[in-house]
Amino acid sequence: MSPDPILAEAVAETYRAMLAAGLNRGASGNVSARCGDGFLITPSGRAAADTGAADIVPLGLDGEPRGVGRPSSEWRIHRDLYRSRPEVNAVVHAHSPFAVSLSCLRRAIPPFHYMVAVAGGHDIPCADYATFGSQALSDQILAVLRDRNACLMANHGLLAVGADLDAALDLAVEVESLCEQYWRASLMGEPVLLDAGEMDRVLLAFADYRKARR
């Protein structure tokens, strides 16, 4: 797999955009995009502000490097998502403040607002904890993302997937916003939740909206 320089720059740009959006600080979080029979991922330990196309690391779907550089420690999550979800072409992982706060409480985001359905279901689940960079963590993520496009990661952060980098980043921003709203509402009391019937109607409306846009 030869790295696509345009796609590599888009991955780096998305990583920098996460910093600008307040989703990450320093070298936290990571971004990847499917590329041929592999994927491109941000490097390990490099600050987003200093990351350019030349720093992006190519990997095969077997996890083997196809160039120079050390990939993000979370490369297993990205690899496994591309293997199991053919419709996913981009993955964004963030250590954003409100998602981290809720994840440390190990709380899913319930249907307190109809926009929770943007992640594909009635709630946004929180994956069980496992050590960062481990296969066990990837397994936990895949378990909760079987029918979702975003989740929280216990004592860690958030993860979002999409058909492209823009979609994955937009979803990550929306999930962080929902985390903040749920956190603030919970300070004042127990939020009133929408019932399953309403969430089903919202999911159907979202599906119709996406078809109309296409």
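These legends describe close-up views of a predicted model.

Local features need pLDDT of at least 70, side-chain atom pairs count only at pLDDT 80 or more, and totals for chains, interfaces and linings use all residues. Residues are numbered from 1 along each chain as its sequence is written, and side-chain values use heavy atoms, with hydrogens and water left out.

**View 1. Glu174 in helix α5.** Helix α5 covers residues 165-188 and includes Glu174. Helices are DSSP runs (H or I, at least four residues), numbered from the N terminus. Glu174 counts as partly exposed because its relative accessibility is 23%; partly exposed lies between buried, under 20% relative accessible area, and exposed, over 50% (1.4 Å probe, protein chains only). Beyond its neighbours within four places in sequence, Glu174 is in contact (heavy atoms within 4.5 Å) with Met115 and Val118. Pro5 lies 169 residues from Glu174 in sequence, and their C-alpha atoms are 28 Å apart.

**View 2. Leu171 in helix α5.** Leu171 also belongs to helix α5. Leu171 is buried, because its relative accessible area is 8%. Residues up to four places away in sequence aside, Leu171 touches Val118, Ala119, Asn149, Ala150, Ala160 and Val161. Val92 is 79 residues from Leu171 along the chain, with 8.9 Å between their C-alpha atoms.

**View 3. The covered helix α2.** Helix α2 spans residues 75-84. Seven of its 10 residues are buried, and the helix is mostly covered. Which residues in α2 are buried? They are Trp75, Ile77, His78, Arg79, Asp80, Leu81 and Tyr82.

Methods
Helix = DSSP H or I, 4+ residues; strand = E, 2+ residues; numbered from the N terminus.
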